[in-house]
Amino acid sequence: MKMLTPELFDSQPDLLHQLVTLMNPNTLMSHGVPVVRTNQCAGEFVITFPRAYHSGFNQGYNFAEAVNFCTADWLPAGRQCIEHYRRLRRYCVFSHEELICKMAAFPETLDLNLAVAVHKEMFIMVQEERRLRKALLEKGVTEAEREAFELLPDDERQCIKCKTTCFLSALACYDCPDGLVCLSHINDLCKCSSSRQYLRYRYTLDELPTMLHKLKIRAESFDTWANKVRVALEVEDGRKRSFEELRALESEARERRFPNSELLQRLKNCLSEVEACIAQVLGLVSGQVARMDTPQLTLTELRVLLEQMGSLPCAMHQIGDVKDVLEQVEAYQAEAREALATLPSSPGLLRSLLERGQQLGVEVPEAHQLQQQVEQAQWLDEVKQALAPSAHRGSLVIMQGLLVMGAKIASSPSVDKARAELQELLTIAERWEEKAHFCLEARQKHPPATLEAIIRETENIPVHLPNIQALKEALTKAQAWIADVDEIQNGDHYPCLDDLEGLVAVGRDLPVGLEELRQLELQVLTAHSWREKASKTFLKKNSCYTLLEVLCPCADAGSDSTKRSRWMEKALGLYQCDTELLGLSAQDLRDPGSLIVAFKEGEQKEKEGILQLRRTNSAKPSPLAPSLMASSPTSICVCGQVPAGVGALQCDLCQDWFHGQCVSVPHLLTSPKPSLTSSPLLAWWEWDTKFLCPLCMRSRRPRLETILALLVALQRLPVRLPEGEALQCLTERAIGWQDRARKALASEDVTALLRHLAELRQQLQAKPRPVYTSATACDPIREGSGNNISKVQGLLENGDSVISPENMAPGKGSDLELLSSLLPQLTGPVLELPEAIRAPLEELMMEGDLLEVTLDENHSIWQLLQAGQPPDLDRIRTLLELEKFEHQGSRTRSRALERRRRQQKVDQGRNVENLVQQELQSKRARSSGIMSQVGREEEHYQEKADRENMFLTPSTDHSPSLKGNQNSLQHKDSGSSAACPSLMPWLQLSYSDEQQL
C-alpha cells in the first residue's frame with residue numbers, strides 16, 4: 001500500500017491503523033499478499049495472527065465479541081509493535097516492559113516455554129536499558145530517583161515525544177515537571193541544563209541482572225531435571241535409584257510444571273510398574289486375609305514378576321521376599337505331585353495340602369487336581385450320609401441339589417456310580433410324590449386303604465416327600481374323623497345337628513374317600529329339610545325372628561322397651577342370638593334336659609312378664625280419647641311414632657296401641673259364607689276383630705294337627721335339633737293348655753252359655769236374610785244391655801229398609817258399605833258372664849294367645865268373652881276404614897291390569913279380522929267357478945270373528961258369580977282366611993267349636 005499510495009502515508013504515517021482505507025483484494029494478491037475469505041456462522045471462532053489485517057461485514061442482525069490474547073511466541077511481535085508505535089508516535093495499549101518485568105518477578109509460576117521466551121525478551125530489554133542509561137550518563141545527568149511507574153496513570157508516564165508508556169526508566173526535569181521522555185528521546189525533553197534533569201527508574205542495573213538470572217534458572221531447570229531422569233532410568237552410573245528418588249523426580253516435574261515429554265512419560269511408566277510389583281509382592285507376603293481380596297498369581301506369573309523386578313531401574317528390597325515365596329511354591333509343588341502319585345490318599349492329607357496351597361497365594365497347577373479330589377471326596381461323603389438309613393431324611397430339594405453338585409465335579413468311577421444311584425432314587429421318589437399329589441388333588445377321592453398302601457410303599461425311600469407326609473396327615477385326620485363318627489353314632493343319644501355339620505365340613509375338606517360322609521350328609525340334609533319345612537310352617541314371610549325364637553317362650557315379655565328394641569334389632573338384622581333370653585349357651589342346646597328346664601322357666605317368665613306389661617299398657621291413655629296429658633306415658637308404634645286418633649288399634653294380648661296401617665290387621669270379610677236364606681246379621685261376636693300386634697304374634701301360628709305331623713317327621717330323624725326339642729316343649733305346652741281349656745268349656749255353667757249362643761244363632765238363621773239400605777246408617781244407635789233374644793229379634797222387624805238380594809250389587813266394596821251401615825244396629829252384650837266364669841276364661845285366653853299355635857278352644861273362649869261384653873264399635877270402624885283403604889288400592893291396580901288385558905284382546909281380534917279379510921280377498925281373485933265355496937268360507941270366518949268379539953265383550957250378568965258364592969257356603973274351616981266377594985259371610989255363625997264340645 002505504501003508503494004501504491006505513497007502520498008497517503010506522507011500525510012498520515014499511521015494510515016494502516018485507521019479504518020478509513022480499503023484496497024482491492026486482487027491488487028493485494030497480485031503483490032504477494034495472502035488474502036483469505038470465510039463465512040463465519042453462529043458459534044464459530046475466527047483467529048487472526050499478529051500483523052494480520054482483517055475486515056468484514058454483517059449479513060444481518062449480529063452480536064459479536066472480540067478477545068485479544070497472546071502466547072509465548074507473541075512476545076517478540078509485541079516488542080516490535082512497541083517500536084513501531086514509537087516511530088509512529090502512537091499510544092500504546094499497555095507497557096511491554098511492565099509485562100515482561102512482572103512475569104520475570106515470579107519465574108516459578110511461569111510455564112517452561114513461557115519462561116524461555118520471557119528470558120529472551122528480558123535479556124534484550126536489559127541490554128537496551130544499559131545502553132540508554134550509559135548515554136544519559138554521558139550527557140551529564142547524574143541525579144536519579146526510584147519511581148513505581150505501575151502506580152501512575154498511563155497519561156502521567158507517557159513520553160511527550162513518542163507517546164510510549166514508560167516503565168523501566170524516564171527522564172524528567174525539576175523545572176519542567178509537567179512532562180517526561182523515554183531514554184530514547186533524552187534530547188527532546190526541554191531546553192534546561194542537564195544539571196536540572198534527573199533519571200526516574202523502576203529497577204537499578206544490579207536488580208535487572210538478578211531477575212534475568214532467575215529466569216535463566218527457570219528456563220534451564222528442565223534440562224537439569226531431564227539429565228537426572230535420563231541417568232536414573234538408564235542406570236548410566238551403575239546405581240539403581242530407590243523408589244523414593246524416582247518419585248521425587250516425578251514430583252519435581254509436577255511442581256515446576258515441566259512440559260509433558262517422552263522422558264516424563266517414561267518416568268511415570270516406570271513408577272507405575274514399580275508400584276504394581278510392590279502391590280503384588282505385598283499380596284504375597286502379607287496375611288491370609290489380605291491375599292483373599294486379591295486374585296492369586298500363577299507360578300508363571302510369579303516368575304515373570306521376579307524377572308520384571310530385576311529388570312526395573314529401581315532398587316526394591318521386596319525382591320528377596322518374592323524369591324522366598326517362589327522357593328516355597330516349588331517345595332509345595334513337589335509335595336503335591338508326590339501325594340497325587342500315591343492315590344488314593346487320605347482326604348485329610350489332601351485337604352491339608354489344599355489349605356497350604358491356598359495360603360501360599362500362588363496358583364499351583366497341582367492345587368487344581370487336589371481341589372478336584374477333595375470335592376469328589378466331600379460329595380461322596382454327603383451322598384453317603386444322605387442315603388444312610390439312620391440319618392434324617394432329606395428333602396427332594398436337597399437330593400436334587402446333590403445331583404446338581406455331582407454334575408459339576410470331575411468325573412470318576414465312584415462319582416459316576418453314586419450319581420446313577422442318586423438319579424434312580426430321585427426318579428422313584430418323584431413318581432411316588434406325583435401319585436400322592438394326584439391323590440390329594442383328584443376330584444375322585446380314594447378310600448383309606450388305597451392311601452395306606454401308597455404310604456407303605458414309600459416307607460423305604462430315604463427321602464422326605466412333602467405330598468406323602470401330607471397324605472399321612474390326611475389319613476390320620478380321616479381315621480380320627482371316622483373314630484369321632486363312630487363315637488357319635490354309637491352314643492346314648494342322637495347326635496346334635498351342629499356336631500354332624502362340623503363333622504361333614506371336616507370330612508368334605510379331607511382328600512380321603514369316606515363312606516360314612518355320604519350317610520352324614522344325608523342325615524344333615526334331612527334335618528335341614530325338616531327345619532326348612534318347620535320354618536315355612538311357623539315363620540311369616542320376611543320374618544325377623546328365627547325358628548328357635550318363635551318356638552321358645554318370650555322371656556322378656558314384661559319389658560316393653562327391651563322387647564321393642566330387640567324386635568327393631570331383629571328387623572334391622574342386628575340381633576342374632578336365638579336363645580339369649582333363655583340363658584342357654586351353645587353347649588346347653590345339646591342337652592335336652594337343660595333346654596326343657598329353660599323352656600319351663602321361660603313359660604313362667606313369659607306369663608309374669610305379659611301380666612306386668614298388660615298392667616303397664618292399660619294405664620296408658622287411649623289414643624282415641626279427646627285429649628292426652630303430656631306427662632302421662634304413651635304408647636309407641638313399631639314405626640317409632642305415637643299412635644293417635646282414628647286408625648289406632650289396641651293389641652288384645654299386651655294392651656298396647658299401634659297404627660293400623662303399620663301392622664297386619666284382621667279382615668272382617670274373611671268368615672265362612674252363609675246361605676242366602678240365613679240371616680244372623682247381628683252375630684257380631686263371631687266377627688274376626690281379634691288383633692295381636694307383631695310383637696306378640698311372632699309366627700303364622702299353625703294348627704296343632706300340622707305341628708303333630710312335624711313331630712312325627714321329627715321322630716324319624718336320627719339327629720337332634722334344638723328346634724325339634726323346642727317344638728316338643730311347645731306341643732306339650734299347647735296340649736296342656738288345650739286340656740285345661742276343654743275342661744273349662746265342659747263345665748256346667750260354660751256349657752249353658754254355649755248352648756244359649758247356639759240357640760241364638762239358630763233363631764237368627766231361621767230369619768230371612770235382610771238387606772239394609774243406606775238409610776239404616778242414619779238411625780240412632782239403640783241402647784240395650786240385655787241378652788234377651790226378643791231384643792235381638794226386634795232389630796230385624798224393620799220391613800221398610802229391606803231390599804231383595806237380587807238387587808244388591810256384589811263385590812267387596814258393596815259389602816264394606818253395607819257392613820258400615822249396619823254398625824248402628826249392633827247391641828250387646830248378649831250373654832251375662834259372672835266374674836267367676838269370666839276371670840278363668842280371660843286367664844286361659846291370655847295363656848292361649850301366648851302360644852304360637854292355633855287351637856279351636858281359643859276361638860271358642862274368645863267368642864264367649866266377646867258375647868259377654870258390648871261390641872267394640874271403634875275397633876270395627878277402624879278395621880272397616882283400613883280394609884276400605886286397602887280395597888281401593890287393590891281395585892285401582894286391578895282396573896289397570898284389566899284394561900291392559902282388554903286392549904291385548906282387542907288387538908288380537910283386529911289381527912284375526914285382518915287375516916280373515918286377506919284370506920277372503922285372495923279367494924275372490926280365483927275363478928268364478930268356485931264362488932259358492934268362497935261364500936261358505938266367508939261365512940265360516942265371519943262366525944269365527946263373531947266368536948272372538950263375543951269373548952272380547954265384557955258380560956254384565958253377575959248372577960253366575962252369585963251362584964258360585966252360594967254353592968260354596970257349605971265348606972267350613974275355622975282357620976281359613978280366604979276373602980269372600982260379598983257380605984254373605986257375615987250372615988252365618990260357625991258351630992265348629994261348639995259341635996266339637
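Analyst: This is a predicted model, in which local features need pLDDT of at least 70, side-chain atom pairs count only at pLDDT 80 or more, and totals for chains, interfaces and linings use all residues. Residues are numbered from 1 along each chain as its sequence is written, and side-chain values use heavy atoms, with hydrogens and water left out.

User: Is R701 buried or exposed?

Analyst: R701 has a positive phi of about 55° although it is not a glycine. Most residues other than glycine have a negative phi. R701 sits in the loop between β12 (657–659) and α23 (704–715); helices (H or I, at least four residues) and strands (E, at least two) are DSSP runs, numbered from the N terminus. Buried means under 20% relative accessible area, exposed over 50% and partly exposed in between (1.4 Å probe, protein chains only), so at 7% R701 is buried.

User: Where is N542 found?

Analyst: N542 also has a positive phi, near 60°, and is a residue other than glycine. Its relative accessibility is 72%, so N542 counts as exposed. Its place is the loop between α19 (515–538) and α20 (547–551).

User: How far apart in sequence are the parts that Y174 and Y198 tie together?

Analyst: Rings of Phe, Tyr and Trp (its six-membered ring) pair if their centres lie within 6.5 Å; planes under 30 degrees apart count as stacked, over 60 as edge-to-face and the rest as tilted. The centres of the Y174 and Y198 rings are 4.2 Å apart and their planes are at 20°, so this pair is stacked. Y174 lies in the loop between β2 (169–173) and β3 (180–181) and Y198 in strand β4 (residues 197–201), so the pair ties together parts whose separation in sequence is 24 residues.

User: What is the closest N and O distance between E147 and R200?

Analyst: E147 is in the loop between β1 (143–146) and β2, and R200 is in strand β4, 53 residues apart. E147 is buried at 17% relative accessibility, and R200 is buried at 14%. They form a salt bridge (a side-chain nitrogen of Lys or Arg within 4 Å of a carboxyl oxygen of Asp or Glu), and the closest N and O atoms are separated by 3.3 Å.

User: Which residue meets R740 in a salt bridge?

Analyst: R740 is partly exposed, with a relative accessible area of 40%. The N to O distance in its salt bridge is 2.5 Å, and the partner is E847.
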